[in-house]
Amino acid sequence: MELTDIQRKFVLHWGEMGSMWGVNRTVSQIHALLFVRGKPMHAEELSETLGVARSNVSNSLKELQAWNLVRVTHILGDRRDYFETSVDVWELFRTVVRERKEREFDPTVRMLREIVASPDFQKEPADAQDRIRSTMDLMGKLATWADEMLRLSPGTLDKVLTLGASVQKFVRGDAVPAPRKDGDADAHHASLPMI
């Protein structure tokens with residue numbers, strides 16, 4: 001399959017970004033190709049399109065399946081496995097957040113709780129105890145926030161993110177409108193989004 005210039009740029013950039021996030025470049029490129037194409041592809045087609053070894057494609061697909069980002073599908077009359085990913089950016093976002101939270105974040109929160117619960121923790125210097133407790137508290141709050149965000153529908157999550165950006169601007173004072181000329185004291189509240 002021949003990629004357009006736009007598709008090639010997207011796939012190459014996604015591969016570079018994946019490397020920065022600690023994901024193998026080929027894994028990221030395969031995911032980007034499946035996403036931008038929006039149709040199932042078999043491993044040989046992925047290998048040929050990206051110019052990478054078939055074994056690399058096979059290993060990358062296994063990793064994407066383990067992350068729940070790619071699923072196997074079949075086409076009538078063709079015995080090969082085809083692979084596809086969601087074309088819903090919100091579903092992909094939620095999958096990545098959920099998977100990274102379960103694999104990376106949650107084990108760290110558990111480890112911090114074990115440390116704080118250990119009888120030896122009290123033997124640590126008070127300032128070290130404070131830093132570890134603060135880290136545990138912050139990570140616990142972030143974990144709770146992430147769980148709540150993952151429960152929201154994509155439409156509601158979009159509204160929350162938009163509202164969050166508006167609240168940040170308001171708190172910083174970036175979005176404070178000038179009062180109306182009629183002197184209405186509540187005029188500055190008119191531009192705040194309604195919850």
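**Notes on the predicted model**

1. A charged pair. Lys101 and Asp106 make a salt bridge in which the closest N and O atoms are 2.8 Å apart, the term standing for a side-chain nitrogen of Lys or Arg within 4 Å of a carboxyl oxygen of Asp or Glu. Lys101 is buried, and so is Asp106, where buried means under 20% relative accessible area, exposed means over 50%, and partly exposed covers what lies in between, with a 1.4 Å probe and protein chains only.

2. Basis of the values. This is a predicted model, in which local features need pLDDT of at least 70 and side-chain atom pairs count only at pLDDT 80 or more, while totals for chains, interfaces and linings use all residues. Residues are numbered from 1 along each chain as its sequence is written, and side-chain values use heavy atoms, with hydrogens and water left out.

3. Overall layout. The protein has seven helices and three strands, which follow one another along the sequence in the pattern α-α-β-α-α-β-β-α-α-α; helices (H or I, at least four residues) and strands (E, at least two) are DSSP runs, numbered from the N terminus. Of its 195 residues, 29% count as buried, and the accessible surface comes to about 13,000 Å², of which 57% belongs to carbon and sulfur atoms; these areas come from the Shrake-Rupley method with a 1.4 Å probe, and for residues only the protein chains shown count as cover. Among contacts with a separation of 6 or more, 50% join residues 24 or more positions apart, a contact being heavy atoms within 4.5 Å.

4. Other salt bridges. The count for the protein comes to 14 salt bridges, among them one between Glu99 and Arg103, whose closest N and O atoms are 3.3 Å apart. Both of these residues lie in helix 5 (residues 89-117), four residues apart, or about one turn of the helix; Glu99 is buried at 6% relative accessibility, whereas Arg103 is partly exposed at 38%. In the salt bridge between Glu16 and Arg25 the closest N and O atoms are 3.1 Å apart, and here Glu16 is partly exposed at 35%, as is Arg25 at 40%. Glu2, Asp5 and Arg8 are linked in a network of salt bridges.

5. In what order do the three strands of the open sheet lie? The order is 1-3-2, and the pairing is antiparallel, where two strands pair if DSSP finds at least two bridges between them. Strand 1 (41-42) and strand 2 (71-75) stand at the edges with a single partner strand each, so one side of each is left without a neighbour in the sheet. Two bridges join strand 1 to strand 3 (residues 78-84), with Met41 opposite Phe83 and His42 opposite Tyr82. Strand 2 and strand 3 pair over four bridges, and Arg71 has Glu84 as its bridge partner in strand 3. These two strands form a hairpin with two residues between them, and Gly77 in the turn has a positive phi of about 85°.

6. The nonpolar cores. A nonpolar core is a set of buried Ala, Val, Leu, Ile, Met, Phe, Trp, Tyr and Cys residues joined through side-chain atoms within 4.5 Å. The largest one has 20 residues, of which Ile30, Leu33, Leu34, Leu46, Val57 and Leu61 touch the most other members. Helix 2, helix 3 (43-50) and helix 4 (54-66) are the elements that give two or more residues to this core, and the largest share, five residues, comes from helix 2. Leaving aside residues up to four places away in sequence, Val57 touches Ile30, Ala43, Leu46, Ser47 and Val52. A second, separate core of six residues includes Val109, Leu112, Val116 and Met139.

7. A surface patch. Trp14, Met20 and Trp21 form a nonpolar patch on the surface, with about 350 Å² of accessible area together; patches are made of residues with over 30% relative accessible area and no salt bridge, like charges being joined within 9 Å and nonpolar side chains (Val, Leu, Ile, Met, Phe, Trp, Tyr) within 5 Å. Trp21 is found in the loop between helix 1 and helix 2 (25-37) and is partly exposed at 43% relative accessibility.
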